[in-house]
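Biologist: Please take one part of this model and look at it closely. I would like a sheet, and the setting around it.

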Amino acid sequence: MTVFHDEVEIEDFEYDDETETYYFPCPCGDRFAITKEDLENGEEVATCPSCSLIVKVIYDKEQFMCGEVIEAPKTSENKLELAQNLL
Amino acid sequence: MSLSSESGELLMCGQNHKGQSQEVITFQPCPLPGCSRVQQVSCGWDFSVINSDCDGQVLVCSSNAFGQLGFSPGITHSAEPFHPVTSVAAGLRHALASTASGCVYQWGTGLSSHAKRMLSPHPVPAHLSSKEPCLVPVAGSTHCVCLTVKGDVFLWGSNKHDQRVTDVHSGWTHLVVKTESGRVFTWGRANYGQLGQINQSTEKEYDISTSSGQSISRPVEVKALFGATQIACGSEHNLAVVGGRIVSWGWNEHKMCGDGSLCDIPQPQPIPCFRDITSNEDSTS
């Protein structure tokens with residue numbers, strides 16, 4: 001029996017354009033990962049390369065199988081943000 | 001990772017692909033614009049929140065993918081006057097700040113889709129989905145409102161036993177609090193032994209769909225932690241100093257509990273290689 005650490009919505013994953021992979025933080029410090037190809041094939045398990053924990057990915061399988069890309073924050077948009085006078 | 005020294009200097013290390021810091025493996029000083037001293041720093045997953053001593057000024061840096069920096073593109077500062085910030089805290093993808101007037105502000109969308117699912121059909125409160133600092137409605141002086149790293153809200157009210165809380169510590173899905181009398185309570189997710197409570201089974205199965213099973217929704221005292229002088233929570237494990245000894249409990253797959261094994265530790269146990277290590281009251285982190 002598969003024991004999931006958690007269930008995470010695909011919208012909460014961050015998408016990397018270069019690797020075409022969705023990522024979500026793992027408690028160990030690494031990240032759970034599942035590729036776009038896996039999702040298109042109906043896979044729903046994201047694994048962590050550093051530990052035994054796995055998460056179930058919640059997403060609309062029909063939406064992925066027809067080739068649509070789910071909008072998720074992209075890691076390629078990261079930039080150094082230094083703001084003053086926030087409060 | 002970030003540290004603030006006694007002299008108010010900021011030291012950082014770690015990855016820098018999102019601008020968190022210089023990409024080094026040892027702590028390096030990180031100069032800040034304008035202000036010379038850091039009061040407090042808190043790290044989220046990929047961003048940092050810095051409370052300086054310049055009129056309660058708050059600095060933020062790194063990823064803003066989930067609004068965790070508290071501003072939208074084009075807005076560099078708020079036009080509203082705020083009381084000086086006294087304390088800051090960073091979650092996975094959200095942050096909080098408390099002010100001298102006792103107000104709490106929150107920003108960062110965090111796991112808003114999770115909140116939508118859990119609260120449906122009710123709307124997600126504004127302070128749980130704002131990309132700019134939003135006032136958090138805290139209900140009363142006897143209530144403790146806590147946010148875990150993942151954004152779960154725990155509300156501890158009903159102070160009928162007059163247990164005033166002095167310390168609050170949060171893992172990703174559990175909380176540890178200490179009262180002024182020295183009693184320590186834990187609640188939240190329990191399946192890795194992170195609550196340190198007796199009579200917790202070692203069954204790892206966690207009923208995610210109902211958030212029941214291996215989770216405790218009300219604070220339960222952990223007598224073994226009575227009088228703890230320092231408490232620190234990792235994501236799913238904890239350290240504490242009790243009676244001059246360092247104890248650990250919780251998730252241990254990566255040996256973070258320090259006992260040399262890979263087995264989760266369900267109740268606080270002294271770390272064997274440390275003997276009579278006392279807490280350093282002057283250290284900050």
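Modeller: A residue counts as buried when its relative accessible area is under 20%. By that cut-off, 45% of the 285 residues of chain B are buried. Keep in mind that this is a predicted model.

Here is the setting. Chain B holds 20 strands and one helix. The chain exposes about 14,100 Å², and 53% of that comes from carbon and sulfur atoms. Take the contacts in chain B with a separation of 6 or more: 43% of them link residues 24 or more positions apart.

Now the sheet. In chain B, four strands line up as β17-β18-β19-β20. The sheet is open, and its pairing is antiparallel. At the edges stand β17 (230–233) and β20 (265–270) of chain B. Each has a single partner strand, so one side of each has no neighbour in the sheet. From one strand to the next, the twist averages 15 degrees.

β17(B) runs antiparallel to β18 of chain B, residues 237–242. Four bridges join the two strands. B:Cys233 faces a residue of β18(B): B:Asn238 stands opposite.

Last, the nonpolar cores. The largest has 22 residues. Among its members, A:Ile10, A:Phe13, A:Tyr22, A:Phe32, A:Leu39 and A:Val57 touch the most others. In chain A, β3 (21–25), β4 (31–35) and β6 (54–58) each give two or more residues to this core.

Terms used. Residues are numbered from 1 along each chain as its sequence is written. Chains are lettered from A and ligands numbered from 1 in the order in which they are written. This is a predicted model: local features need pLDDT of at least 70, side-chain atom pairs count only at pLDDT 80 or more; totals for chains, interfaces and linings use all residues. Side-chain values use heavy atoms; hydrogens and water are left out. Buried means under 20% relative accessible area, exposed over 50%, partly exposed in between (1.4 Å probe, protein chains only). Contact means heavy atoms within 4.5 Å. Accessible areas come from the Shrake-Rupley method with a 1.4 Å probe; for residues, only the protein chains shown count as cover. Two strands pair if DSSP finds at least two bridges between them. Axes are lines fitted to C-alpha atoms, for helices over the stretch in contact, and angles run from 0 to 180 degrees between N-to-C directions. A nonpolar core is a set of buried Ala, Val, Leu, Ile, Met, Phe, Trp, Tyr and Cys residues joined through side-chain atoms within 4.5 Å.
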